[in-house]
Amino acid sequence: MNDKHIVSSFDAELEQIQAHIMKMGGLVEEAILDASKSLKNRDEELAEQVRANDKAIDALEQRVNDEAFKLIALRSPTAVDLRVALSVMKVAGNLERIGDYAKNMAKRTSVLVHMTPVEGARSALRRMAREVQLMLKDALDAYIQRDAELARDILERDRDIDQMYNALFREFLTFMMEDPRYITPCMHLHFIAKNTERMGDHVTSIAEQVIYLVTGALPDENRPREDHYRAELHLSD
Amino acid sequence: MYDAPNLGATVEQKDIKISAKKVQVYYGETHAIKDVDIEVQDKTVTAFIGPSGCGKSTFLRCLNRMNDTIDICRVEGDILLDGEDIYDKRVDPVQLRAKVGMVFQKPNPFPKSIYDNVAYGPRIHGLAKNKAELDEIVEKALRRGAIWNEVKDRLDAPGTGLSGGQQQRLCIARAVATEPEVLLMDEPCSALDPIATAQVEELIDELRSRYSVVIVTHSMQQAARVSQKTAFFHLGHLVEYDDTANIFTNPKDERTESYITGRIG
């Protein structure tokens with residue numbers, strides 16, 4: 001297919017919206033890394049910065065939505081152009097949620113720095129956050145390059161994140177059973193782990209949008225889930 | 001995980017009204033339509049889209065043998081209406097056109113009264129036994145053309161005195177007066193303002209319950225709005241023919257995608 005529209009301003013608008021998505025993606029990646037770094041290093045100042053930076057992410061989401069809305073109203077996009085307009089709104093929503101989770105991680109860090117450190121957990125959480133950030137980077141690359149294969153690969157990688165979460169869950173349980181003084185920090189750390197796992201789900205959702213954008217259909221196979229821990233703990237959905 | 005929406009599922013399968021197989025059209029040496037196979041469904045609006053010169057109007061005109069009037073035009077292949085070959089020697093083109101009505105780009109009322117414009121077809125085909133019956137046919141046609149209320153008090157006024165949108169609806173009323181089974185429309189709204197266009201589009205949607213409507217349009221938004229099936233023509237080929245929702249959200253052919261997204265003219 002010819003890449004360029006006859007009306008070049010249409011291309012300019014589509015490119016602009018996608019540039020906002022990329023900028024948003026960059027800020028969110030930074031937020032994940034900084035939040036996990038502040039947790040690891042017990043750096044309250046950096047945590048504060050992550051919380052402040054979240055406003056820029058929210059503003060960009062609004063901008064993406066406004067521009068996509070205008071594009072739909074004024075250009076009546078069809079086929080792939082329509083899918084771009086719809087997917088940017090969803091991707092922006094996913095990025096905004098990931099940004100919120102990073103902000104929440106920073107918030108809990110500000111509380112955790114004043115408590116007894118829990119050995120080992122912070123490094124594991126940082127590795128998990130790092131993995132999510134790499135997945136996000138690849139999802140955004142897949143988006144820009146219209147690479148459905150790379151996007152499918154991300155769906156697979158989310159399993160690793162789920163496994164990391166399950167392992168941390170057990171670890172925190174053990175800590176809490178050993179010493180009740182660990183209960184408060186471990187609860188915070190557990191929420192951080194859970195939120196990081198949720199970030200992975202939002203990255204997965206972005207990857208699904210890439211597949212929708214490229215092929216016109218969402219992937220239909222059920223994503224494999226690691227939820228034997230649910231059975232173990234008698235948890236239901 | 002949620003299911004991918006199947007937009008095409010809302011289109012039900014209808015009977016085949018027109019079936020074209022391996023249709024070729026030549027204007028002298030020019031091969032204008034190449035190997036077109038299509039099945040047009042009954043009680044469905046089918047839109048033909050494509051860039052200028054792609055053959056969509058030429059193909060539309062084959063469906064009621066309007067091309068017979070062009071000396072150098074030659075049509076090959078089969079076009080069946082309800083299973084019968086419309087190019088068979090025994091078929092009278094005038095009778096055929098009563099069954100397959102046509103509305104053109106520019107409203108072209110006869111220079112006669114509104115009443116006579118509509119009564120013309122039923123008269124030459126002998127559809128009315130007396131004046132009362134003819135009156136009834138004219139009123140019914142004007143009602144179906146969604147113009148009755150605007151003209152009922154001035155049926156003797158010349159049709160050419162109406163506004164463009166009214167003239168076009170008069171022409172549609174004239175076309176439906178002979179109780180056609182298929183209505184061909186060649187850019188019926190391109191000379192109309194948006195309000196008149198909306199009225200004609202509403203009319204097309206109503207006509208769908210009785211007829212098979214085939215519309216050629218340059219406005220892709222119009223095709224998307226009024227049709228259930230869309231055929232994309234390019235350089236004389238029928239490139240893609242599918243449910244309208246599929247054509248506009250996820251076309252299979254790259255040429256269709258390029259055309260509907262405004263990347264090729």
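User: What makes β2-β1-β4-β5 of chain B a sheet?

Analyst: Pairing does. Two strands pair if DSSP finds at least two bridges between them. Strands are DSSP E runs of at least two residues, and helices are H or I runs of at least four, numbered from the N terminus. In this predicted model, 8 bridges join β1(B) (residues 16-27) to β2(B), so the pair qualifies. The two run antiparallel. One of the bridges links B:S19 to B:E39 in β2(B). The open sheet has 4 strands.

User: Why are β2(B) and β5(B) called edge strands?

Analyst: Each pairs on one side only. They span 30-41 and 84-85 of chain B.

User: How do you know what span to expect for α7(B)?

Analyst: The expected span is 1.5 Å times one less than the number of residues. Helix α7(B), residues 194-207, has 14 residues. Its end C-alpha atoms lie 20 Å apart, close to the 20 Å expected.

User: What makes residues of α7(B) buried or exposed?

Analyst: Counts of other C-beta atoms within 10 Å, placed from the backbone: 20 or more is buried, 12 or fewer exposed, in between partly exposed. B:Q199, B:V200, B:L203, B:I204 and B:L207 are buried. They share one side of α7(B), because they cover an arc of only 140 degrees around the axis, taken from the directions from the helix axis to the C-beta atoms. The face turned away carries exposed B:P194, B:I195, B:E202 and B:E206.

User: How are residues and chains labelled, and what confidence applies?

Analyst: Residues count from 1 along each chain as its sequence is written, with chains lettered from A and ligands numbered from 1 in written order. Local features need pLDDT of at least 70 and side-chain atom pairs 80 or more, while totals for chains, interfaces and linings use all residues.
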